[in-house]
Amino acid sequence: MKRSFVIAIFTISIFILFSLSVFARGNEDSRGISAAFEDYRQRLLQPQWQWEIEGAGFEVAWEQVFPIEMEGSGEVVMIPAIEEEYHRLALFFAEADGRIVYRTDQLEVNSRNRGELAAPVRELNAVSFQDLNRDGLTDIVMIVTCVNQKGDYAGKPYKIGEALFQGKQEFYRDYRLSDKINRFGMNKSVESIVSFVRDGNSTEFLYTAATKQELIDNGFHIISEQCYYRQFEKLGRLEVVPGTYTMASFATFMIYLINEQGYIVWSFQPMGEYENLYALKGITCRDIDGDGMKDILVLARYSSGDDDNELVVKSDYEIYYQRTGGFYEDTEVKRRYKCRDEDTVSELVEKARRYWGWQV
């Protein structure tokens, strides 16, 4: 009995010491983060003149420096700059003599890595000045290219849209609008952001609709020649319904699986970071990975603007594997086989099956 008591006391002591050690390390980490943030904050506030920005550890995006009318200050120059250590985007506003009258880093892109000072900013690739809320003041629309350093999508560029409203000698963002711009794919172009924020159009229904009729009522255009029923082993008989919703001249491409009662069972967004569906080349539902269940392969041509705003059209494909709980997106085959413009659906199926060990 006495021995058990001693062991219990020893175990509790070890646990307390371990907990104190973890707590101490946590405090050290918190102090480190606080010190880093304070250093960053001081450098953000340090420049009083526009020629001092780069000396504070920021790289100015000179190709995106533009004049803008700011209430209370007249015409100023907006100077975007990316902080070199933490890759956060900041905006400085300077008068004609170079004196900085306002600055902000309260941007959607700087809050993408929750709980971290570092942001995924790679470059600022689009800026537009428009009156978004029709109050007579000039607002700012921006698109930022980002790249994550870790996680499932590390190394893959993606876009973050920003809408900043002008107030009384300040610019601010509405986090609710920022969330919808980026969560529902309206961040691919300036035109899409303006269409949503100013004109009230939205792709949100593409991701929240419950029925086929709801999609149609909101303007979803079904590509009827690729629409058909298939028997899926785990989900039953479903209608494969591809289609587009056009907003600001950009067509968002979606595929839905819909049951015989008209309810959406599953949805896919194959176009990823592309801006627009140029042409659907084909959809096939067949077993690709050899597990006896029908998978889905979709091949299409997409268009996007390059760095010089020239239209680029590219073929690409996606594979979705059927599982007991639904579908999941392929990553392995796509790493091995890059799509060529001359590829067909049947050729891609053959390549994918070969990857999974089919005797072709």
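How many bridges join strand β17 to β18, and in which direction do these strands run? In the predicted model, four bridges join β17, formed by residues 311-323, to β18, and the two strands run antiparallel. Within this pair, Y321 stands opposite Y328 of β18.

The two strands belong to an open sheet of four strands, ordered β15-β16-β17-β18 and paired in antiparallel fashion. The edges are taken by β15 (276-286) and β18 (326-329); each has a single partner strand, so one side of each is left without a neighbour in the sheet. On average, and with direction ignored, neighbouring strands of this sheet are turned by 25 degrees against each other.

Strand β17 also contains E318. The relative accessibility of E318 is 10%; because buried means under 20% relative accessible area, E318 counts as buried. Leaving aside residues up to four places away in sequence, E318 touches P270, I296, L297, V298, E329 and K334. With K334, the contact includes a polar one of 3.2 Å between the two side chains.

Of its 360 residues, 46% count as buried. The accessible surface comes to about 19,100 Å², and carbon and sulfur atoms account for 50% of that surface. Among contacts between residues at least 6 apart in sequence, 50% join residues at least 24 apart.

A further open sheet consists of four strands in the order β6-β7-β8-β9, again with antiparallel pairing. Its edge strands are β6 (121-130) and β9 (171-172), each of which pairs on one side only. Inside the sheet, seven bridges join β7 (residues 139-146) to β8 (residues 158-166), and these strands run antiparallel. T145 stands opposite K159 in β8. Helix α3, residues 190-197, packs on this sheet and touches β6, β7 and β8. The direction of α3 makes about 135 degrees with that of β7.

Helix α3 is mostly covered, with seven of its eight residues buried. These are V190, S192, I193, V194, S195, F196 and V197. The elements against which they pack are the strands β6, β7, β8, β12 and β13, together with helix α2.

In helix α2 (residues 175-183), the buried residues are S178, I181 and N182. Seen down the axis of α2, the buried residues fall within an arc of 85 degrees, so they line one face of the helix. An α-helix has 3.6 residues a turn, so residues three or four places apart point the same way. The cover over the buried residues of α2 includes β8 and α3. At the start of α2, a side-chain oxygen of D174 reaches to within 2.9 Å of the backbone nitrogen of R176. Just after the helix, G185 takes a positive phi of about 70 degrees.

Positive phi values also occur in loop residues other than glycine, including H87 and S249. Most residues other than glycine have a negative phi. For H87, phi is about 55 degrees. H87 is placed in the loop between β3 (74-83) and β4 (89-94), and with a relative accessibility of 37% it counts as partly exposed. For S249, phi is near 70 degrees. S249 lies in the loop between β12 (236-247) and β13 (250-258), and its relative accessible area of 66% makes it exposed. The two strands that flank this loop, β12 and β13, are among the elements against which the buried residues of α3 pack.

Definitions and conventions:
Residues numbered from 1 in each chain as written. Predicted model: local features only at pLDDT ≥ 70, side-chain atom pairs only at ≥ 80, totals over all residues. Heavy atoms only, no water. Pairing = 2+ DSSP bridges. Contact = heavy atoms within 4.5 Å. Axes fitted to C-alpha atoms, helices over the stretch in contact; angles between N-to-C directions. Buried < 20%, exposed > 50% of the residue type's maximum accessible area, 1.4 Å probe, protein only. Arc of directions from axis to C-beta. Polar contact = N/O pair within 3.5 Å; in protein donor to acceptor, adjacent residues only side chain to side chain. Areas by Shrake-Rupley, 256 points an atom, 1.4 Å probe, with all protein chains shown as cover.
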